[in-house]
Amino acid sequence: MGLPISQILLTTGFLLVLIGFWGMLRHRNILRIIIGFSLIDTGMHIVLVATGYVRGGTAPIVDEALSVSDASAHAVDPVPAALVVTAIVIGFSVTAIMLSFAIRLHAVRKTLSIDVLTESKW
């Protein structure tokens, strides 16, 4: 029969989060750090969607096909999916801002290495 889809999604999501953390901590290039952040963001979206999954579940519409008493056991939770849609938009905005900062830093410093950015102006 194989693994349930929720376990596959959780494993994939946590694996993406770990790869993203590794990419953020290992590399010194700003673009690679931004890619690592995006991988963490995507992994968290997958984990959130996996929490609302119900095996053999149906849409959360209570009618003659799904009674109120069966809704808690057989309906897929729509709240994590709605949160993920919102989080995708926010993550896209944050990534766009990070990329604009990287472009500005490259224009000023002519490099994308964070080693150049460690000096303090104080």
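**Helix packing and surface features of a predicted model**

Helix H1 has 22 residues. Its first and last C-alpha atoms lie 31 Å apart, close to the 32 Å expected at 1.5 Å a residue. The expected span is 1.5 Å times one less than the number of residues in the helix. Helices are DSSP runs (H or I, at least four residues), numbered from the N terminus. The model is predicted, so local features need pLDDT of at least 70 and side-chain atom pairs count only at pLDDT 80 or more, while totals for chains, interfaces and linings use all residues. Residues are numbered from 1 along each chain as its sequence is written, and side-chain values use heavy atoms, with hydrogens and water left out.

The buried residues of H1 are Ser6, Gly13, Leu16, Val17, Gly20 and Gly23. They cover an arc of only 130 degrees around the axis, which puts them on the same side of H1. The arc is taken from the directions that run from the helix axis to the C-beta atoms. Buried means under 20% relative accessible area, exposed means over 50%, and partly exposed lies in between (1.4 Å probe, protein chains only). An α-helix has 3.6 residues a turn, so residues three or four places apart point the same way. Thr11, Leu15, Leu18, Trp22, Leu25 and Arg26 are exposed on the other side of H1.

Helix H2 (30-51) is included in what covers the buried residues of H1. Valine 17 lies in H1 and is buried, with a relative accessible area of 9%. Not counting residues up to four places away in sequence, valine 17 touches Leu39, Ile40, Gly43 and Met44. Contact means heavy atoms within 4.5 Å. The C-alpha atoms of valine 17 and glycine 36 are separated by 8.4 Å. These two residues are 19 residues apart along the chain.

Helix H4 (78-109) has 32 residues, which should span 46 Å at 1.5 Å a residue. The end C-alpha atoms of H4 are 46 Å apart, which agrees. Pro80, Val84, Gly91, Thr95 and Ala102 are buried in H4. The buried residues of H4 pack against H2. Histidine 45 lies in H2. At 10% relative accessibility, histidine 45 counts as buried. Histidine 45 touches Val84, Ala87 and Ile88, again not counting residues up to four places away in sequence.

H4 is followed by lysine 110. Lysine 110 has a positive phi of about 65 degrees although it is not a glycine. Lysine 110 is exposed, with a relative accessible area of 63%.

The count comes to 1 salt bridge, defined as a side-chain nitrogen of Lys or Arg within 4 Å of a carboxyl oxygen of Asp or Glu. Aspartate 115 forms a salt bridge with arginine 28, and the closest N and O atoms are 2.6 Å apart. The pair links distant parts of the chain, 87 residues apart. Aspartate 115 is in the segment after H4, and arginine 28 is in the loop between H1 and H2. Aspartate 115 counts as partly exposed at 42% relative accessibility. Arginine 28 also counts as partly exposed, at 42%.

Leu3, Ile5, Ile8 and Tyr53 make a nonpolar surface patch of about 360 Å². Patches are made of residues with over 30% relative accessible area and no salt bridge; nonpolar side chains (Val, Leu, Ile, Met, Phe, Trp, Tyr) are joined within 5 Å, like charges within 9 Å. Accessible areas come from the Shrake-Rupley method with a 1.4 Å probe; for residues, only the protein chains shown count as cover. Leucine 3 is found in the segment before H1 (5-26). Leucine 3 is exposed, with a relative accessible area of 58%.

Terms used:
Helices (H or I, at least four residues) and strands (E, at least two) are DSSP runs, numbered from the N terminus.
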